[in-house]
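Dear colleague,

Please find below the structure that I am handing over to you, followed by an account of what was found in it.

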Amino acid sequence: MQISTHTHPVDGAIELALNGRFDAHEAAIFRDAFHDALDGGSHQVRVNLAGVEFVDSTALAELVRGMKRCRELHGDLTLVSPSDPVRVILELTKLDAAFDIERVAG
Amino acid sequence: MNTAADTGSRPESPVESLTGALVEATDQLLALYELAKVTADSLDANASVGVILSQATRLFGASAMELHVVDDVIVGPSGDRLDPDYGSTSPADSRTSLPVASTTSAVVASVSVSNAAGLEATLIAHRRDRPFGTADHKLLSAVANMALGALHISRLHEDAVAQAVISRDHDTASDLAVRALPDWRPSVDGVELFARSDPARSAGGDLYTFAIVDGVFHFVVGDVSGKGLPAAMMMTNVISASLAAFQSEGRRGPVHVLSAIDSWMYDYLSDAGLFVTLVCGAFDRRSGQLRLANAGHSPVLFVHNGSAEMIEASVPPIGVLPLQILDDESAHEQSFATEPGDRLVMSSDGFTEQENSSGVMFGDGRLIDAVEGATTPCSELGPRLYDMIEAHAGGAEQSDDRTLVILDVIDVPLRHDQADMTGLT
């Protein structure tokens with residue numbers, strides 16, 4: 001999995017754009033990038049999942065952990081444009097009810 | 001080799017000097033050969049480096065030798081540490097050269113070496129009878145590199161052993177956790193049950209358990225997020241919580257069972273950064289009523305007249321957010337008035353997400369097709385589904401636990417509408 005990081009132009013949140021498989025083998029990479037974002041002072045973190053082709057339960061647990069950490073810091077973790085496979089998993093597990101999910105057209 | 005008599009009787013001729021040097025060089029080569037042999041005999045750092053220093057001490061006619069590494073000093077056969085005031089040379093400031101420092105009573109040489117792995121060491125040799133010459137430089141470097149190599153191999157071995165111990169402990173813990181799954185099958189009239197969980201190499205935290213409370217068959221099927229020891233340990237806790245919830249809340253229905261497990265497990269799961277998907281069910285054979293509450297678990301299929309219905313979750317998995325499901329109990333329970341031939345299929349994501357060598361998952365679709373087309377009892381369908389997964393995988397590694405629980409309704413003596421009238425439910 002590849003992660004690119006940039007600052008969102010509208011709200012200044014850090015956006016992590018993930019590409020590839022997001023599973024147990026890649027969880028540590030995400031965790032490091034997420035902690036880097038928090039260390040940079042941003043408690044509003046956007047995770048763009050448009051390029052993610054698969055998530056497993058370990059990856060979902062990382063996202064949940066990140067969401068909780070952001071909320072502890074009075075921020076939030078927003079899932080952006082989840083790909084179809086990710087969206088289906090979020091719906092089946094009802095995690096779509098727990099996350100703030102933003103669907104960006106195009 | 002020169003002797004005292006030889007050197008005392010007449011001056012050494014050039015030929016004798018050359019011969020002596022050749023003999024000495026041959027002795028040194030033989031000593032190096034001996035050194036090379038001993039390094040392969042032990043994987044213990046102190047033992048292997050100690051033997052090298054012992055041989056090298058003999059080779060150089062030294063009185064003492066020490067190998068300094070970042071956090072340790074290994075001494076040669078003298079067993080004594082060198083006097084720290086042996087001269088101006090110290091390991092910290094002599095990494096690349098061979099400084100030869102003389103003190104009033106002895107001469108000391110040190111040589112520092114490093115390897116590609118970043119391991120550094122300084123060899124310090126101490127000799128009383130003669131100074132170290134330029135010719136000794138390469139030999140000392142060779143000895144230092146040899147000692148460093150032995151040290152490196154020893155540490156790699158120690159790391160490998162440590163990893164193997166950790167891995168073995170994880171495997172043992174995972175094995176023990178899997179044993180928390182019930183190896184008994186409840187005897188419930190009118191119901192046939194199939195339950196099996198094949199753990200992946202790194203156990204994934206799949207679980208199921210059952211209980212019969214007041215004649216009602218209670219069950220949970222779930223999956224703790226993550227893999228390995230944390231998931232396996234959490235899985236055993238969820239099983240314990242489920243069994244307790246069956247007893248304390250089972251009479252009130254699966255929503256209450258789910259809520260109780262959530263109240264007991266939420267903080268624990270949350271602190272560990274884990275969650276568990278869980279479907280709780282209760283089947284009353286007397287009425288044929290099947291009640292389900294699903295917290296994020298998939299797939300769950302109810303099969304009636306050969307048609308499978310996906311039972312969706314009403315809330316996220318336990319550990320994500322506090323569930324708060326008792327305020328609107330009816331919104332979180334799905335109830336079925338079963339008939340003979342009805343079937344409930346619950347599996348884990350490791351079952352449907354098994355990929356083949358091309359990365360294609362088995363998927364919910366294949367599972368639904370197989371279940372809808374099945375006319376055999378679950379005792380035959382279950383193993384057949386596992387065979388299908390294996391065939392689909394085509395030798396690809398099992399990436400997650402594969403769990404499958406099937407409940408077949410064989411006989412319902414009293415339909416739920418009749419039971420309502422008799423007050424049996």
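In chain A, 47% of the 106 residues are buried, a residue being called buried if 20 or more other C-beta atoms lie within 10 Å of its own, exposed if 12 or fewer, and partly exposed in between, with C-beta atoms placed from the backbone. Please note that this is a predicted model, in which local features need pLDDT of at least 70 and side-chain atom pairs count only at pLDDT 80 or more, while totals for chains, interfaces and linings use all residues. Residues are numbered from 1 along each chain as its sequence is written, and chains are lettered from A and ligands numbered from 1 in the order in which they are written.

Chain A

Chain A contains three helices and five strands; helices (H or I, at least four residues) and strands (E, at least two) are DSSP runs, numbered from the N terminus. Read from the N terminus, the order of these elements is β-β-α-β-α-β-α-β. Of the contacts in chain A with a separation of 6 or more, 69% are between residues 24 or more positions apart; a contact requires that the C-beta atoms of two residues, placed from the backbone, lie within 7 Å.

The five strands form an open sheet with mixed pairing, in the order β1-β2-β3-β4-β5 (chain A), where two strands pair if DSSP finds at least two bridges between them. Because β1 (2–7) and β5 (100–102) of chain A stand at the edges with a single partner strand each, one side of each has no neighbour in the sheet. From one strand to the next, the twist averages 25°. Strand β4 (residues 76–80) of chain A pairs with β5(A) in the parallel sense over three bridges, and A:Val80 has A:Glu102 in β5(A) as its bridge partner.

Helix α2 (residues 57–72) of chain A packs on this sheet and touches β2 (14–22), β3 (44–55) and β4 of chain A, its direction making about 140° with that of β4(A). Axes here are lines fitted to C-alpha atoms, for helices over the stretch in contact, and angles run from 0 to 180 degrees between N-to-C directions.

The axes of helix α1 (residues 27–39) of chain A and α2(A) come within 10 Å and cross at roughly 15°. The two helices α1(A) and α2(A) are therefore roughly parallel; angles under 35 degrees count as roughly parallel, over 145 as roughly antiparallel, 65 to 115 as roughly perpendicular and the rest as oblique. Residues making this contact include A:Phe30 and A:Phe34 of α1(A), and A:Ala59 and A:Gly66 of α2(A).

Contact between the chains

Between the chains, 14 residues of chain A are in contact with 19 residues of chain B. On the side of chain A that touches chain B, α2(A) gives the most, with seven residues. This side of chain A comprises eight nonpolar, three polar and three charged residues; Ala, Val, Leu, Ile, Met, Phe, Trp, Tyr, Cys and Pro count as nonpolar, Asp, Glu, Lys and Arg as charged, and the others, Gly among them, as polar.

Chain B

Chain B has ten helices and 15 strands, and 41% of its 425 residues are buried. Five strands of chain B form an open sheet in the order β7-β8-β9-β10-β13, with antiparallel pairing. Since β7 (206–213) and β13 (334–337) of chain B are at the edges and have a single partner strand each, one side of each is left without a neighbour in the sheet. The twist in this sheet averages 15° from one strand to the next. Strand β10 (residues 289–295) of chain B and β13(B) are joined in the antiparallel sense by four bridges, with B:Phe336 in β13(B) as the bridge partner of B:Leu290.

B:Val216 lies in strand β8 (residues 216–224) of chain B and counts as buried because it has 21 C-beta neighbours inside 10 Å. Leaving aside residues up to four places away in sequence, B:Val216 touches B:Gly250, B:Ala282, B:Phe283 and B:Asp284.

The axes of helix α5 (residues 228–249) of chain B and helix α6 (residues 254–272) of chain B come within 8 Å and cross at roughly 155°, so α5(B) is roughly antiparallel to α6(B). The residues of this contact divide into 14 nonpolar, four polar and one charged. Helix α6(B) also lies across β8, β9 (276–284) and β10 of chain B, at about 155° to β9(B).

Yours sincerely
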